[in-house]
Amino acid sequence: MSVFSKDQVLDRFRFRAATRYYDPNKKVSREDFDYILELARLSPSSVGSEPWHFVVIQNPELREKLKPVGWGMATQLDDASYVVALLAKKNARYDSDYFHNALVKRGLTAEQMEKAKEKYRTFQQNDMKVLESERALFDWTSKQTYIALANMMTGAAFIGVDSCPIEGFNYEAVNQILAEACAFDPAEWGVSVMVTFGYRAKEIKAKSRKPMEELVTWIE
């Protein structure tokens, strides 16, 4: 099994930068993008819920519709090789069919199923308190999508593919546009975040980051 050195990993982290302008003449291959999607699929999530879905927006007319309401990606929609909307599951309660089906996939017995549901009820109701509102529950599933987002961008950097995470858009309008395009059922899913992939059109200045001593507190 090949192992990356720490210097190699850090080099790729330093290479990765939010890419606002992509080279229109250089496109990411479908093979490489399938690899990036596989990184998303293999990502971890809270209680193994996998509360995500990925919409790859390649249709030029649909990308054009997103421009007026997607100020954070307006410079990327024409030239990005791939534009992805990461969806978060709505109403992912411990007693929902969605959770039940996820437990079925684990091959649990009926007794194990009931114990698991009670465990997740306590988690959602008492520990995370996400059952207090639909918004709280959606925020919890949205947080999981950011794990997949980070893995996609980091993994892309390892093969020299650039990316840009995007929250700069009108969420209500983007949800409506994609739902009207039959990308998803808005009663079941909502856009959490978006991301673009391609190859940078120009060099990007080195990232500015806070020093370690400002970020880490050790308790020994």
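**Reading a predicted chain: questions and answers**

The protein chain has 8 helices and 4 strands, where helices (H or I, at least four residues) and strands (E, at least two) are DSSP runs numbered from the N terminus. This is a predicted model, in which local features need pLDDT of at least 70 and side-chain atom pairs count only at pLDDT 80 or more, while totals for chains, interfaces and linings use all residues. Residues are numbered from 1 along each chain as its sequence is written, and side-chain values use heavy atoms, with hydrogens and water left out.

Student: Why are helix 1 and helix 6 called roughly perpendicular to each other?

Tutor: The axes of helix 1 (residues 6-15) and helix 6 (residues 134-158) come within 9 Å and cross at roughly 110°. Axes are lines fitted to C-alpha atoms, for helices over the stretch in contact, and angles run from 0 to 180 degrees between N-to-C directions. Angles under 35 degrees count as roughly parallel, over 145 as roughly antiparallel, 65 to 115 as roughly perpendicular and the rest as oblique, and therefore this pair is roughly perpendicular.

Student: What makes the contact of helix 1 with helix 6?

Tutor: Helix 1 brings Val9, Arg12, Phe13 and Phe15, and helix 6 brings Thr154, Ala157 and Phe158, contact meaning heavy atoms within 4.5 Å. These residues divide into 5 nonpolar, 1 polar and 1 charged, given that Ala, Val, Leu, Ile, Met, Phe, Trp, Tyr, Cys and Pro count as nonpolar, Asp, Glu, Lys and Arg as charged, and the others, Gly among them, as polar.

Student: Why is valine 55 counted as buried?

Tutor: Buried means under 20% relative accessible area, exposed over 50%, and partly exposed in between (1.4 Å probe, protein chains only); valine 55 has 11% relative accessibility and so counts as buried. Valine 55 is found in strand 1 (residues 52-56), and, leaving aside its neighbours within four places in sequence, valine 55 is in contact with Val83, Val84, Ala85, Leu87 and Ala183. Valine 55 and valine 84 are 29 residues apart in sequence, yet 5.5 Å apart in space, C-alpha to C-alpha.

Student: What makes up the largest nonpolar core, and which residues have the most contacts inside it?

Tutor: A nonpolar core is a set of buried Ala, Val, Leu, Ile, Met, Phe, Trp, Tyr and Cys residues joined through side-chain atoms within 4.5 Å. The largest one has 23 residues, and Ile57, Leu66, Val174, Leu178, Val191 and Met194 have the most contacts inside it. Two or more residues each come from helix 3 (60-66), strand 2 (82-89), strand 3 (162-166), helix 7 (171-180) and strand 4 (189-198), and the largest share, 4 residues, comes from helix 7. Apart from this core lies another, of 19 residues, among them Val28, Ile36, Met153 and Val193.
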